[in-house]
Amino acid sequence: MEKEKTFMGQPRGLSTLFFTEMWERFSYYGMRAILLYYMYDAVTSGGLGLEKGTAVAIMSIYGSLVYMSSIVGGWISDRLLGSHKTVFFGGVLIMFGHIVLATPFGLPALFISMILIVIGTGMLKSNVSSMVGHLYSPKDLRRDAGFSIFYMGINIGSLIAPIIVGGLGQNVNYHLGFSIAAIGMFFGLLQYHFQGKKTLNNIGTQVTNPLVGAEKSAFFKRLVVAVAVVVVLFGGAALLGQLTVDFFINSISVLGILLPVYYFTSMLRSKDVTPDEKQKVRAYIPLFLSAIVFWSLEEQGSSILALFAAERTQSTLFGIHIPASMYQTLNPLFVVLLTPVFVWLWTKMGKKQPTTEVKFAIGLIFAGLSFVLLMFPSMFFGVDQRVSPMWLVASFFIMIVGEMCLSPVGLSVTTKLAPKAFEAQTIAIWLLADASSQAINAQIARFYTPSTEGMYFGVVGGIAVVVGIGLYLIRKPIRHLIGEIH
């Protein structure tokens with residue numbers, strides 16, 4: 001028999017999805033590296049001139065909506081288009097979103113681009129991860145290693161984006177930077193379309209739970225009700241003079257908490273989910289809640305830690321000037337460096353590797369320690385002087401050690417525990433953990449001030465450590481519900 005062609009020892013389709021997600025993340029993280037500074041930079045410097053607190057809150061809500069929309073993308077895949085088409089159309093919307101942001105039309109362009117990128121990312125991100133899961137049989141021990149390789153592709157794009165987009169955006173022109181982000185997504189679409197014809201076969205072409213018959217009319221009725229609720233809510237706020245940025249932020253924060261509750265309830269009550277699948281959904285809930293805590297810390301890299309980089313760290317390291325946006329490369333850089341280590345480790349350990357719930361606990365503890373570390377600069381040096389960038393470098397490194405234990409493993413276990421009728425939507429729910437975390441961040445970020453810096457990092461980091469220890473203590477009940485999946 002002809003030997004199977006592989007990509008790093010994995011199915012060839014992983015190559016297509018690896019590079020598709022790499023270019024998508026290049027476009028998203030390139031935009032994100034300069035978006036905060038673009039929003040609060042003075043108009044005369046090419047920015048929008050917003051207040052810093054408002055800019056940080058918008059960043060958190062933007063991130064929350066991006067991941068929240070994964071629910072919509074998962075539903076479109078499961079009920080209408082299938083994963084393959086949904087990924088492609090999502091990429092098209094993302095590309096046009098960056099093109100709009102590259103135009104010099106200020107706040108209107110920002111909000112239009114946000115809508116396009118939010119919807120497009122929701123359609124692409126959850127479904128491309130679901131397609132990775134379909135490359136493997138349920139008992140294929142390459143799965144965790146394969147997701148780690150896929151995760152490295154995500155972070156290669158995230159690594160080079162701040163260097164190219166951030167450098168051009170901060171040093172030349174913000175809109176030029178956003179244009180480069182659009183070009184990156186265009187390359188991703190080309191690669192996905194042409195290479196995918198050869199490597200993905202029929203993966204993601206089938207609609208797993210098509211919308212038929214009476215369900216269609218029921219869906220459109222619910223859609224009309226949902227739109228009416230939104231119109232009444234925001235229209236009423238406008239009439240009362242309460243339609244402010246804070247009102248919008250608070251509304252999205254509440255939605256970020258209610259959506260997971262709704263979806264887990266739907267899965268546990270659905271007649272299309274078997275009793276065995278419902279048991280696995282119950283096992284997944286504590287992992288999901290733990291992921292919310294983890295992402296709450298990790299996602300502050302583009303908001304709170306971005307402010308820390310701009311205002312609290314020295315502008316040079318070893319005599320080299322470092323733009324604040326360049327610190328956004330630390331997260332993906334450490335992921336790229338550590339991924340081969342963890343791929344080797346999980347592969348070497350095989351069946352002896354820690355179980356999923358233990359990996360989650362380890363990841364949470366490391367994430368908490370990365371914030372606890374940043375409590376010390378204000379204690380040692382006060383808040384009136386800039387400190388060595390190595391504090392931030394060390395914090396990012398510790399965070400990524402935790403991320404390597406939790407994030408790719410979380411993607412992998414989600415594909416294994418997902419009920420068939422909610423397949424793509426379950427991947428979307430995993431991304432919804434990120435959405436919920438950023439909705440929470442939009443609320444807690446207001447407590448970060450120069451005078452509360454040390455306490456902020458200590459309290460937030462300490463909570464993550466405690467949750468990690470608690471998860472480890474309840475590992476046996478979780479393992480009983482998960483069963484033989486490892």
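Predicted model: local features only at pLDDT ≥ 70, side-chain atom pairs only at ≥ 80, totals over all residues.

Me: Which residues line the second largest cavity?

Reply: This cavity holds about 50 Å³ of space. By class, its lining has four nonpolar, three polar and one charged residues. The names to look for are Tyr28, Met31, Arg32, Met59, Tyr62, Gly63, Ser302 and Gln438.

Me: How far apart are the end C-alpha atoms of helix 2?

Reply: Start from 1.5 Å a residue, which means the 17 residues should span 24 Å. The distance in the model agrees with that: the end C-alpha atoms are 24 Å apart.

Me: How many cavities of 30 Å³ or more are there, and what is the volume of the largest cavity?

Reply: Searching the whole structure turns up five cavities of that size. The largest cavity has a volume of about 330 Å³.

Me: Which residues are the closest to the centre of the largest cavity?

Reply: Its lining has ten nonpolar, eight polar and seven charged residues. Several helices supply at least two lining residues each, including helix 1 (13-40), helix 6 (143-171) and helix 15 (390-417). Of the 25 lining residues, the closest to the centre are Tyr29, Tyr67, Tyr151, Trp295 and Glu403.

Me: And the second largest pocket: which residues are the closest to its centre?

Reply: That pocket holds about 810 Å³ of space. Out of 34 lining residues, the closest to the centre are Ser137, Pro138, Lys139, Arg143 and Lys416.

Me: How many residues of that pocket's lining are charged?

Reply: Helix 5, helix 6, helix 10, helix 12, helix 15 and helix 16 each give two or more residues to this lining. Sorted by class, the lining has eleven nonpolar and ten polar residues, and the charged ones number 13.

Me: Last one: which residues does Phe457 touch, leaving out those up to four places away in sequence?

Reply: Phe457 is one of the residues that touch the most other members of the largest nonpolar core, which has 137 residues. With its sequence neighbours set aside, the contacts of Phe457 are Ile304, Leu305, Phe308, Phe371, Val372, Leu374, Met375 and Tyr448.

Conventions: Residues numbered from 1 in each chain as written. Heavy atoms only, no water. 1 Å grid on protein atoms, 1.4 Å probe; cavity = no way out; pocket = protein on both sides within 12 Å on 5 of 7 lines; lining within 4 Å. Points joined across faces, edges and corners; volume = space filled by probe spheres on them. Helix = DSSP H or I, 4+ residues; strand = E, 2+ residues; numbered from the N terminus. Nonpolar A, V, L, I, M, F, W, Y, C, P; charged D, E, K, R; others polar. Core = buried A, V, L, I, M, F, W, Y, C linked by side-chain atoms within 4.5 Å. Buried < 20%, exposed > 50% of the residue type's maximum accessible area, 1.4 Å probe, protein only. Contact = heavy atoms within 4.5 Å. Expected span 1.5 Å × (residues − 1).
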